[in-house]
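Me: I would like to go through this structure by question and answer, with the cut-offs behind each term spelled out.

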Amino acid sequence: MLFVGDDWAEDHHDVEVMDASGRRLARARLPEGVAGMTRLHAMIGQALGDDIDTDDDARVRIGIETDRGPWVQALVAAGYTVYAVNPLQASRYRERLALSGAKSDAADAHMLADMVRTDSHQLRPIAGDTADAQAVKVVTRTHKTLVWERTRAGQRLRHALRDYFPAALTAFADLDAPDALELLAKAPDPAAAARLSLTQISAALKRARRRDIPAKAATIQAALRAEHLGQPAVVTAAYAASVRALVALLVTLNEQVKALQGQVEDHFGRHPDAEIILSQPGLGAVLGARVLAEFGDDHDRYATAKARKNYAATSPITRASGKKRTVAARFVHNDRLIDALMTQAFSALHTSPGARAYYDRQRARGAGYNAALRQLANRLVGILHGCLKTGTVYDEATAWSHHLNEAAA
């Protein structure tokens, strides 16, 4: 058995090969790409020596601090057992080997090799997700990132307007709406906004497909022409230039979010698990795609529903020491996955009687809103796991029979 530590940097890999006793057999700095991968295969082949059989690739375990990219895909394709080591785990393990705090790429490669040698039973091999699932992950993550960026840009726009043009906040309830962005682009300062006519405002509202346009146009015009505190002219001009740039950014983000949403729905719709995931309460195409992307589609990755719940971080953790025992939510989690699952739980309250009964039961026991919603999300993860394992779509009566009977009683 060979153990390989691969410390990845932007353009190279520091690699160390060791045997089962921890003796170093080879060490090298390899370039990123085909040439580096070829040299790595040669190093491993030389370390294996003449004792070659059909299971040689399976006898090689590699630790690396990433689970994606062409290099990792090449390692998996070669048949090696690859462990994606969490950087936090690697940091803690490094402290076991060196208390001084010293760090180098070569030392990290040694640490990763030693980690898979001694603790591979505690690590999770890279899941065998299909190419379709990886494609869903790429587009959903980019889509969610752009949604987050749009929110940040909207908050920056709101803060800028509050500092020099508070009337705009009164006039436009939704700053990233098409009509608000169009009017702010035309008139990014108080003086220009006050000169906007009802015709101009109405035209923007019509292009945004608003209802009750005359009344809304009059309200917006009145808000923009109302008296308000302002800034000196030169400061106002500077703010207006900043707002014009933020508006242009938001317009672009709106366009790309909409375009990527189509890609998300298209890729997700072609996946074999889409029907089962879409049958779950609270999951639509976009949210379902995010759940699939973050869980992956390797059905052997989660041995039990509990394992899937632990990965999702919806299940609680217990800290016990002496007479003290506390149960708390998991702090370390996949932000994208927990965000999708909590959104699903909230939506399920309005679409699933069983989910609503389960949530109400948790609240009756004294759980707060967030705690009850998290417990509902945990329950929904278990239901999803069962459906995927058995290849069956969601059934309300089967999933919630016990809780629905209690609610009826």
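This is a predicted model: local features need pLDDT of at least 70, side-chain atom pairs count only at pLDDT 80 or more; totals for chains, interfaces and linings use all residues.

Me: Where around the axis of helix α3 do the buried residues Ala90, Tyr93 and Arg94 lie?

Reply: Helices (H or I, at least four residues) and strands (E, at least two) are DSSP runs, numbered from the N terminus. In α3, residues 87-97, Ala90, Tyr93 and Arg94 are buried, where buried means under 20% relative accessible area, exposed over 50% and partly exposed in between, with a 1.4 Å probe and protein chains only. Because these three cover an arc of only 110° around the axis, taken from the directions from the helix axis to the C-beta atoms, they lie on the same side of α3.

Me: How are the rings of Tyr164 and Tyr239 arranged: stacked or edge-to-face?

Reply: Rings of Phe, Tyr and Trp (its six-membered ring) pair if their centres lie within 6.5 Å, and planes under 30 degrees apart count as stacked, over 60 as edge-to-face and the rest as tilted. A search of the whole structure finds 7 aromatic pairs. In the pair of Tyr164 and Tyr239, the centres are 5.0 Å apart and the planes are at 5°, so the rings are stacked.

Me: How many residues apart in sequence are the parts that this pair of Tyr164 and Tyr239 ties together?

Reply: Tyr164 is buried at 0% relative accessibility, whereas Tyr239 is partly exposed at 23%. Tyr164 lies in helix α5 (residues 131-164) and Tyr239 in helix α11 (residues 233-269), so the parts tied together are apart in sequence by 75 residues.

Me: Which charged residue sits over the ring of Tyr311?

Reply: A charge sits over a ring if NZ of Lys or CZ of Arg is within 6 Å of the ring centre and within 35 degrees of the ring normal. Tyr311 is partly exposed, with a relative accessible area of 24%. The charged end found 4.8 Å from the centre of its ring is that of Arg301.

Me: Which side chain makes a polar contact with the side chain of Glu294?

Reply: Glu294 lies in helix α13 and counts as buried at 4% relative accessibility. A polar contact is a pair of N or O atoms within 3.5 Å; within protein, one must be able to donate a hydrogen and the other to accept it, and residues adjacent in sequence count only if both atoms are side-chain atoms. At 3.0 Å, the partner of Glu294 is Asn334.

Me: Which residue of β7 is the bridge partner of Thr318?

Reply: Two strands pair if DSSP finds at least two bridges between them, and 5 bridges join β6 (residues 317-321) to β7 (residues 324-328), which run antiparallel. These strands form a hairpin with 2 residues between them, and Gly322 in the turn has a positive phi of about 65°. Within β7, the partner of Thr318 is Val327.

How values were computed:
Residues are numbered from 1 along each chain as its sequence is written. Side-chain values use heavy atoms; hydrogens and water are left out.
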